[in-house]
Amino acid sequence: MIEAPEAICLAKQLNETIKGKRVTYVLVGHTPHKFTFSCGKPEEYPALLQDKIVGDSCAHGGMVQVNVGDAKLVFTDGANLRYYAPGAKLPNKHQLLVGFDDESCIIVSVRMYGGILCFTGDSFEGGLNSYYACAKMKPQVMSDAFTQEYFLSLINAEDVQNKSVKAFLATDQMIPGLGNGVLQDILYNARLHPKVKVSTLSGQQRQDLYHHVKNTMHEMLEKGGRDSEKDLFDQKGGYIPYLSKDTVGTHCLRCGDMILKESYMGGSIYYCNTCQKYF
């Protein structure tokens, strides 16, 4: 499920691959998928995109936006984007196909759930608009606008002090594009247990956590995202997480203790009980 590093990687690849092409064909809903979320009337998407020129692509948190003329195509977490060169064999199942004047195309398929949104203007009707608006409004986590001062204003707010560091970082769109997938290694690098309360963190630990958020996510971006995700060309990312379902039961690279898994807040957390003590 894409998060900020993968979204930025995809936007960069889209700019290098389809920018400047003219849309000549759009197919929506070829394969029914009840957890593909849309806005407006999907059957009107072709009319919104047809014969328009692809402009810039960008990332808003974990969302990828492609500007096509006066329309916007936005893909949320769970939507897989793939580029197909002219003459390439296309998959049989997909939820969106956008063809271009050079006979190349992008195809979008949804895994468990995901959004494929097409609209004009700055907003759209539907439940995902609040997530989109929040991701646009807040500074991108890997941008220069996401400063230490900004981060400290979030973590020092009175209403987050009783939250765990996991709840603070990865819920309520506190930091769009930072979810459970990247959270594990951030806390591992910061030597913080996911259940530790924000109120127990010292001023230095809060500053250190900011740097681990920035550094961990930048490393993921530099390596093309995590190895659990694929890019526009169906290639896995080069970042191998320290903590994930694949490392449970293996030994911590720092201390040699066992990597553990636990259910928490409706999901899973992974941690080293020595490096990330929970008191």
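Guide: Let's begin with a word we will need: a residue is buried when its relative accessible area is under 20%, exposed when over 50%, and partly exposed in between, using a 1.4 Å probe and protein chains only. Please keep in mind that this is a predicted model, where local features need pLDDT of at least 70 and side-chain atom pairs count only at pLDDT 80 or more, while totals for chains, interfaces and linings use all residues. Numbering starts from 1 along each chain as its sequence is written, and side-chain values use heavy atoms, leaving out hydrogens and water.

Now to the rings. Rings of Phe, Tyr and Trp (its six-membered ring) pair if their centres lie within 6.5 Å; planes under 30 degrees apart are stacked, over 60 edge-to-face, and the rest tilted. By this rule there are 10 aromatic pairs. One of them joins F146 and Y150 edge-to-face, with 5.5 Å from centre to centre and 70 degrees between the planes. F146 counts as buried because its relative accessibility is 1%. Another pair, F151 with Y210, is tilted, at 5.8 Å centre to centre and 45 degrees between planes. F151 sits in helix 4 (residues 148-155) and Y210 in helix 7, so this pair ties together parts 59 residues apart in sequence. Here helices are DSSP runs of H or I with at least four residues, numbered from the N terminus. Both F151 and Y210 are buried. Ring pairs link F146, Y150, F151, F168 and Y210 into a cluster.

The axes (lines fitted to C-alpha atoms over the stretch in contact, with angles from 0 to 180 degrees between N-to-C directions) of helix 1 (residues 4-17) and helix 7 (residues 203-222) come within 9 Å and cross at roughly 40 degrees. A4, P5, I8 and C9 of helix 1 touch M217, M220 and L221 of helix 7, where contact means heavy atoms within 4.5 Å.

Finally, a glance at the cysteines. A disulfide is a pair of cysteine sulfur atoms within 2.5 Å, and a search of the whole structure finds 0 of them. For C105, the nearest cysteine sulfur belongs to C118, 17 Å away. C105 is buried because its relative accessibility is 6%. For C275, the nearest cysteine sulfur is that of C252, at 3.7 Å, and C275 is in no disulfide. C275 counts as buried at 9% relative accessibility.

Key: Helix = DSSP H or I, 4+ residues; strand = E, 2+ residues; numbered from the N terminus.
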